[in-house]
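My entries follow in the order in which I made them.

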Amino acid sequence: MLSFIARRLLALIPILIGLSLIVFLIMALIPGDPALAILGSYATPESLTRLRAEMGLDHSLPVQYLIWLDNILHGDFGRSYSLNRPVLDEVVERFRATLILSATAFALCSIWGVLAGVVCAVRQNGWVDRMVTALVLIGISIPSFWLGLLLILLFAVRLHWLPASGMFAIYGGGDLLDLARHLVLPATTLSVVAAGVIARLTRASMLEVLRQDFIRTARAKGVAEASVIFRHAFKAALVNITPVLGVQAGFVLGGAVYVETIFQWPGIGRMLVTAISTRDILLVQGGVLVVAASYVLFNLIADVVQHLLDPRVRT
Amino acid sequence: MNGRLSRLPGSAPRRAAAKAALSVLARNRPAAVGAIILALIVVIALLTPVLPLLPPDAIDPANRLIPPLNAGRTLGTDQLGRDMLARLLWGARLSLAVGLAATFVAALAGSSIGVCAGYFGRWIDALLMRAIDMLMAFPYVLLALTIVAALGPGLFNAMIAVAVVNIPFFARNLRGSTLGIVHREFIDAARLSGKGDFSILVSEVLPNVAPVIVITMSTTVGWMILETAGLSFLGLGSQPPQADLGSMLGEGRKLLLNAPFVSTIPGAVIFLLVIGVNLVGDGIRDALDPRLRSGAIARPSPVTAISRGRAAVDAGHSQGVLQVRTLSTEFQTAGETYKAVNSVSFAIRNGECLGLVGESGSGKSVTALSLLALVQSPPGTITEGAVLLDGEDVLSKSAAALRFIRGGRASYVFQDPQSTLHPLLTIGEQVAEALRAHQPVSRVKAWDKAVRLLDLVRIPNAKRRAHAFPHELSGGMRQRVGIAMALANHPEVLIADEPTTALDVTVQAQVLKLMNELRMRDSAAVLFITHDFGVASDICDRIAVMYAGQIVEMGAAEDVLERPAHPYTRRLIDCVPALGSGIRSFRAIGGAPPAANRLPSGCAFADRCDFAVAECRARPVGFVAVASNHLARCLHPLEARGERTSA
Amino acid sequence: MNEPALEARGLTKRYGGGATLLGRRRAANHAVSDVALSLSRGETLGIVGESGCGKSTLARMLAGLTPPSAGTVVINGQVFVGDGIVPRRAGRRAIQYVFQDPNGSLNPRKTVRNILATPLVRLARLDRRRRDERIIELMDAVKLRSEFVDRYPHELSGGQAQRIGIARALAASPDIVILDEPVSALDVSVQAQVLSLLGELQERFRLTYVFISHNLAAIEVVSDHVAVMYFGRIVEQAPARRLFAHPRHPYTRLLLDSAPVIGRKSRQVGVEIAELPDPYDPPPGCAFAPRCSSVTAHCLHDAPDLTRMAENHDVACFHPLT
């Protein structure tokens, strides 16, 4: 087990290097001069040269990459020119907000998705199954940015039950309860799509497993039906569900961009969108890198869980 | 068993298969609804340029934010006084086009990568898939954002970004299905026929993975429409004045409180479009997935459906611990009825072993599964008969009562120990579970007993091996576990369904020996199903031969094997020359058994029989006693004609 | 006929092996070790063994489908595979293969006509008219009605599909056909049909067969010579009649005794538990030693070579049965 984790950690190194390379290259290959973008078209040639030197733009690409990587490994992600503060500080602050939102959404969608999927499989073609299947279809077809608007219109504008924006009330508040009230709408919006996908897959996977020969063996042994469903079928289906949960975590983390924009959630997604439109390259680089790296780590966890569940991959 | 059942209806001709796929699509009501929605949107999108609409970009500040159904504006106007209806139709047209374009780009690039990786393998596979892993390492939308950040905002760039993000789905799916095909023998056959790599890829691999491409497209196109709209919503896709549905929503969002219709209406159109696409996509997936087509994905119920027309047979005097009377089981699929078991009757006494011998499709396995209602329903139904265990009809019992009989008084050993053991539970747990399902013992006690049972079936080092998972054991060892499970509760009846067919001969001999010893020890009644007369001869006291769902001959093992009365038994035995006999020729039986959905009214073997006369085909043939306790379903049994052996 | 039609020398297949990036040696699995075969035109060599003995790997190497790690395959005096030579068209024409799974060996998306046409175009280089004639000939040879040519594989029964597999192998008029468990997937009555057909075809076209099976009865009926494989090696080789009447290797004896025969209660010899050795960590001595009833210390330390015991009778055993 330990050696498996060690091997997986080792395998992370090339992925992280690749990630950093992609992020760096994409930004380096942006047409146009970042220095010019920062200083504007009225900048003097001297100040442009100075800024270019400051940003390391006068080196060759590989050297630029190495300098950049070295800085990042030392925790120096550069300075955001639009916010005029260290990129890392901004990213960490924003990422915390995103994590709160997406972790809640992910927990919601995993629980709902798996539960709905199992119930549908067990009651295949019953009314519960039909209803959930219809809901799932709506869930995976609905644009989350539209769903968010509708929820705001209904619960915030019409009913005044829940706040429409922000993470904490502007005046006062700031406690956990306040956070929870602000979380309800965005987390629900964010979880809908992933819950649909997970429910679908769980249902299909359960149905597939229930047809297997070893389920017939369990029934031939006289095992109680509840045990057949949960101990035998669900356990086997879980092996197929875990990797999908990993992928869905990525959807939730990425989908946070829309939800944060709609609900004015001070997360990293909204920061990135702003940074892209203001061409704050260092901020984009830093943000993307941190989110991607954390996602890679999350996938590692999913892998380890998978490994624990399935003895066949263990050998 | 499963494979054979699901193949029953699959033998339709190919053109009919295509037609079946279409009819599945047509019968699928949700898909039909989706198709109508989608067709409507597509037609309107195509007609938009010729429809009498106001210009979508004409600014008219005087008529700002007119609500829908006012002043001749069907859907009102937006913040710049532009006609919403016109903008909506042009926007839908754009969103649809961009979504489809992204899908095609992703499908082309992703499928090429996946097929090449799967086909060539080795370093090409490693290289391509590491690159794909890299793309997958970014959370979905984030990668699209990054690409747009690099290329700059714009609809074309957004399309490229969304396509790139979806490449991994195609690459992974196609790699998987290509891998499944590359090792098939027909690829080797093509190579032996002189084909090169390119030709094999194009004409052997591609046609077989094409459905996967279509399925992946149909499941991702909805996503891609949503994602391009999403990027536009964030202001990174279409740039003003050009507007797709997403950017309309994004711009209108600022007016949510005063004029919600400006943003909600485009959102509703996106939703409608995507739901239409997804409904059709699901329909396509269902139609192309052969497993769904045959209805095999349906969850089998724990107990076979039983609909016996006749009242249950009276529990008359018992001829044995297990008595089966006129048992019939059918499979209903696609409007066809397959009579797998057709009025089968037999009885087994304590300590006796009855061999049920027949070729594939003869109904022997379905008979075995019907005894404790383990046939999958749907599509199976027990239509007639009774299974008497100590004189009590098993098939009349409730599901709960049946559960206590299964694995308790009657238990099974199945054919393929690879698939019949749970892959994620240790063998000790699986044996202990069989005990705990029937005996009130503690977990620890059950485990101890399980280890003793594993020892009994001669699994070396049982104490340690009890912690092993099935995949860690050889086939022979796994089958021993199956036997241990079956014997856990000292059953009165043991039903063994081809327990040694998947094993090598030397292992088979050992397992047979073990089974023989243990059944003697427990003096259990055994129903032993096999296709091999040699195996039956080794272990069985009596033999029943099945053909086309019926028992055609039954009697003591040596009588049936040495003096077969039914021509089918005779010919089947002669098909395999006895080992060591030095015979160097075969006497094959011409023709094939009748299909289970088109059984003749007379003798099912008549068409392949040398002695058939008109009378044989006229009406069902009953049993004739050729000797004491030796029955044959034949009007002209061999013995009676004085024809002994013909070989 | 002095020159053998098919000859194999020192054929070996290793999987794995080599070294990891860190220089650690990877375990190697010898699927087939040092197999030598020779058979003359018109003969049938039966290769028998249980699962995992390497018989299918051997068959694939003979047909050029799997490149051997060492050794050569010589067809009609010409090296076909090995020594860095890759199979060429001429060799491909001379040796063909019939697969175990009749349906798996036919592309489900192609008609029978298409399947049969491929070798005629690629190997025999026939024009369209000659091709159609040849397809009719082939269908006739395998006793299928010509209406089957426009069907798809899933419309055929197992026996019919296997006949198409045979027709495809015969299309380019090969000298040698490798039959890899050609009837194992078929029902007993259909097995007999296909085996009789194979016998007729052999006589008619003077084919050389390598017949691979785990079914001793089938091997006995079709083979002139028989080679018994165990754990990647040939342990006994002899004319069929001789081998079945007087097996010399204890493993052959065990196989014959284990086979279920009508009217014979099984006679078990040898050790009860039959497990093959770990292929990645084979024992130094004879691979069969742990199951052998006449095992001695010698067997556990050295592996016996295949040695000639009598005319045409080779056995790899220190203590052959008499």
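**Ground rules**

I note that this is a predicted model, in which local features need pLDDT of at least 70, side-chain atom pairs count only at pLDDT 80 or more, and totals for chains, interfaces and linings use all residues. Residues are numbered from 1 along each chain as its sequence is written, chains are lettered from A and ligands numbered from 1 in the order in which they are written, and side-chain values use heavy atoms, with hydrogens and water left out.

**Entry 1: aromatic pairs**

I looked up the ring pairs and found 20 aromatic pairs over all chains. The rule takes rings of Phe, Tyr and Trp (its six-membered ring) with centres within 6.5 Å; planes under 30 degrees apart are stacked, over 60 edge-to-face, and the rest tilted.

I went to Y568(B) and F605(B), which form an edge-to-face pair with 5.2 Å centre to centre and 65° between the planes. This pair links distant parts of the chain, 37 residues apart: Y568(B) is in helix α23 (residues 567-575) of chain B, and F605(B) is in the loop between α23 and α24 (614-618). Helices (H or I, at least four residues) and strands (E, at least two) are DSSP runs, numbered from the N terminus. The cut-offs are under 20% relative accessible area for buried, over 50% for exposed, and partly exposed in between (1.4 Å probe, protein chains only).

In chain C I looked at Y230(C) and F288(C), an edge-to-face pair with 5.3 Å centre to centre and 85° between the planes. Y230(C) is in strand β9 (residues 225-230), and F288(C) is in the loop between α9 (250-258) and α10 (297-301) of chain C, 58 residues apart. Both Y230(C) and F288(C) are buried.

In chain A, ring pairs link F24(A), Y65(A) and W68(A) into a cluster.

**Entry 2: charges over rings**

I looked for a charge over a ring, meaning NZ of Lys or CZ of Arg within 6 Å of the ring centre and within 35 degrees of the ring normal. R633(B) has its charged end over the ring of F623(B), 4.4 Å from the centre. In chain C, the charged end of R151(C) sits over the ring of F148(C), at 4.5 Å from its centre.

**Entry 3: salt bridges**

Side chains of opposite charge can pair when their charged atoms come close.

E200(C) and K143(C) meet in a salt bridge at 2.6 Å, N to O. E200(C) is in helix α6 (residues 188-205) and K143(C) is in the loop between α4 (128-141) and α5 (158-170) of chain C, 57 residues apart. E200(C) is partly exposed at 41%, and K143(C) is partly exposed at 49%.

I also noted E147(C) with R145(C), where the closest N and O atoms are 3.4 Å apart. E147(C) is partly exposed, at 43%, whereas R145(C) is exposed, at 52%. In chain A, salt bridges link R85(A), E90(A), E93(A) and R94(A) in a network.

**Entry 4: chain B against chain A**

How many residues of chain B are in contact with chain A? I found 74 residues of chain B in contact with 78 of chain A, contact meaning heavy atoms within 4.5 Å. Chains B and A bury about 6900 Å² between them, 71% of it on carbon and sulfur atoms; buried area is the accessible area (1.4 Å probe) that two parts lose on being put together, summed over both.

Three salt bridges are counted between chain B and chain A. K221(A) forms a salt bridge with E433(B), at 3.0 Å between the closest N and O atoms. On the side of chain B that touches chain A, the largest share, 12 residues, comes from α11(B).

**Entry 5: chain C against chain B**

Here the contact takes 63 residues from chain C and 67 from chain B. These chains bury about 5500 Å² between them, 54% of it on carbon and sulfur atoms. I found two salt bridges across the interface of chain C and chain B. K110(C) forms a salt bridge with E204(B), the closest N and O atoms being 2.8 Å apart.

How values were computed. Salt bridge = Lys/Arg side-chain N within 4 Å of Asp/Glu carboxyl O.
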